[in-house]
Amino acid sequence: MGELFQDLSNKINYSFQRLIIWRENSISTKNFTIILSFFVGLFCALAAYVLKSFIDYLHKLVHDIIEVSNYNFLFLLTPIFGIILAATFVRYVVKDDISHGVTKILYAVSQKKAIIKAHNMWSSVVASSLTIGFGGSVGAEAPVVLTGSAIGSNLGKLFKMDQKTLMLLVGCGASAAVAGIFKAPITGVIFTLEVLLMDLTMASIIPLLISAITASLVTFTLSGSDFMFGFSLTDPFAANHAIFYIILGITCGFVSLYFTRGMAQLESKFKTINSASKKMIIGGLLLSVLIYFLPPLYGEGYNTISALLDGNAEAVTSNSIFYAFRDNFWSLCIFFMLIVFLKIFATAATNCSGGTGGIFAPSLFVGCVTGYITAMLINFFQISRVPEKNFALAGMAGVMSGVMHAPLTGTFLIAELTGGYGLFISLMITATVAYITIIAFEPHSLYAMRLAQKGELLTHNKDKSILTLLKMEDVIEKDLTIVQPDLYLQDLVKIVSHTHRNIFPVVNKRGYLLGIVTLDEIRNIMFRTELYTKFQVSELMTAPAEILDMNDTMEAVVHKFETSSAWHLPVLENKKYVGYVSKAKIFNEYRNLLMQLSDE
């Protein structure tokens, strides 16, 4: 039986290799990328549908069980149960870290040549379904974006596409995932350009559009064409309300800043806990207590968004201790403010204790509540009369724009989610002002800040992007002849006569670099035979102008070349000599990569 399977596997591999050869000879890379983008869109839509269906099924299962048993306290236990299931799945089945989905995509593009592990095509779907389905206070969108990008990366890798095409297919997967989960094709494309920071040309836009459109059409076919949130525009945009949308934008900017820095700090606090079981206990208990006092923190929070967009704020307080005071303005305000303040604790508790989820939904949730509170206060103090549900909508765009540093994504997503195109100007004002506000304090989004701190972030600055993509192993040269410090000049002259290099690293027997000998430094004595046995290499060597470390970023390497004015610099790893880097080699690799990324 084993031989039969092996024979079948060999035949499949042989047939597939012939298919790849036929493709390379018959279909251009450009045209084949378009074909692949269609399939990426198809598979991403199916993944998004499975994810949403599984979450909805688990939500219904939990609520049905609790209704039959009439034990509402079970809502305290179900999120913990979901986190335990997700953490167990990740630890014993996946055996890899799958959190921070969008950050992982950014890292793969900038540091891993757009290669994403194959298990990410399904592992995030399962783990996030278990987390959110049982009440985890996170979103499903970032996990499905990682899933989509993994589909694009692995499909491209399967057909042996080059790095540039792999990067494009990763973008196709991300745009298709956003388009599929939100039914928002325009947002899918904009998200890839704005959040994933891909500097793509117009020719690259076509595959992104094909993936996003395909994913949207498949999603419409499977789940209908209704908007994700029902919204009826009863109060169109009024120019005299522009100042209030600016105020809302500033508010959303500071809320985004709190969200971003608060999440980062909470994640850092959880990292100090060494035991996975302790993290699970602390995070699970924190989440349960928060949900008990503030039920809207349960799950993604989309029911709360729908209620506020319907103008039904009182319904949000149901099952909470604030329900008895739902008619009191200040009680309602305190309730909503607590939700905004504590949402990051619920989200961090979910993710850091072992659950899997993203910040798409939490940022929409917080934004909606922020917009609603702002409108409530404006109306209460009779400064003006503004439509609360319109402000809730604009608040969603504002906080998403601030958290992701993506004003276009925030604007178009809310318009496509709700059909609120009549409020486009108010969405744009709020999203733009929120972005301007947060950028003054925080230069990077929550997704990008982790990589930016390490110098591993790809940006729209083409020079910095290429330097980020370059790695030390791409430019290091290891063919220089090493000399020992106790050699005499006559031995050094013999070595010089047999090499085309003019730099000779001086390394001791333990591998440590002691200095360098350059041809220019010994040229005036190398033909004086009477000195051959009088000078040793240790007397002729000099210190290098600068030292490079194997872990240096290419931006740091270039900076050291500029400050030292050197043309060649040695590279060390753990203080031991590894090789040399030259300006010429960096320039050649820089130019090659630039041509690869710019070639159409």
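Colleague: What makes strand β3 (residues 548–549) and strand β4 (residues 568–573) a pair, and in which sense do they run?

Modeller: β3 and β4 share two bridges and pair in the parallel sense; strands count as paired if DSSP finds at least two bridges between them. One of the bridges joins Leu548 to Val571 in β4. The names refer to DSSP runs numbered from the N terminus, with helices (H or I) of at least four residues and strands (E) of at least two. The model is predicted: local features need pLDDT of at least 70 and side-chain atom pairs 80 or more, while totals for chains, interfaces and linings use all residues. Residues are numbered from 1 along each chain as its sequence is written, and side-chain values use heavy atoms, without hydrogens and water.

Colleague: In which sense do β4 and strand β5 (residues 576–582) pair, and over how many bridges?

Modeller: β4 and β5 pair in the antiparallel sense over six bridges. Leu572 stands opposite Tyr577 in β5. The two strands form a hairpin with two residues between them, and Asn574 in the turn has a positive phi of about 55°.

Colleague: What is the order of the three strands in the open sheet?

Modeller: The order is β3-β4-β5, with mixed pairing. β3 and β5 each have a single partner strand and stand at the edges, so one side of each lacks a neighbour in the sheet.

Colleague: Why are α5 and α6 called roughly antiparallel?

Modeller: Helix α5 (residues 123–133) and helix α6 (residues 141–158) pack at about 170°, with axes 8 Å apart. Axes are lines fitted to C-alpha atoms over the stretch in contact, and angles run from 0 to 180 degrees between N-to-C directions. Angles over 145 degrees count as roughly antiparallel, so α5 and α6 are called that.

Colleague: Which residues in α5 and α6 meet?

Modeller: Ser124, Val125 and Ser128 in α5 meet Pro143, Leu146 and Thr147 in α6, contact being heavy atoms within 4.5 Å. They divide into three nonpolar, three polar and no charged residues.

Colleague: Is Glu442 buried or exposed?

Modeller: Glu442 has a relative accessible area of 10% and is therefore buried, the limit being under 20% with a 1.4 Å probe and protein chains only. Glu442 is in the loop between α18 (424–439) and α19 (446–452).

Colleague: What does the side chain of Glu442 make a polar contact with?

Modeller: The partner is the side chain of Arg261, at 3.2 Å. A polar contact needs N or O atoms within 3.5 Å, one able to donate a hydrogen and the other to accept it. Beyond four places in sequence, the contacts of Glu442 include Leu257, His405 and Met449.

Key. Parallel < 35°, antiparallel > 145°, perpendicular 65-115°, else oblique. Nonpolar A, V, L, I, M, F, W, Y, C, P; charged D, E, K, R; others polar. Buried < 20%, exposed > 50% of the residue type's maximum accessible area, 1.4 Å probe, protein only.
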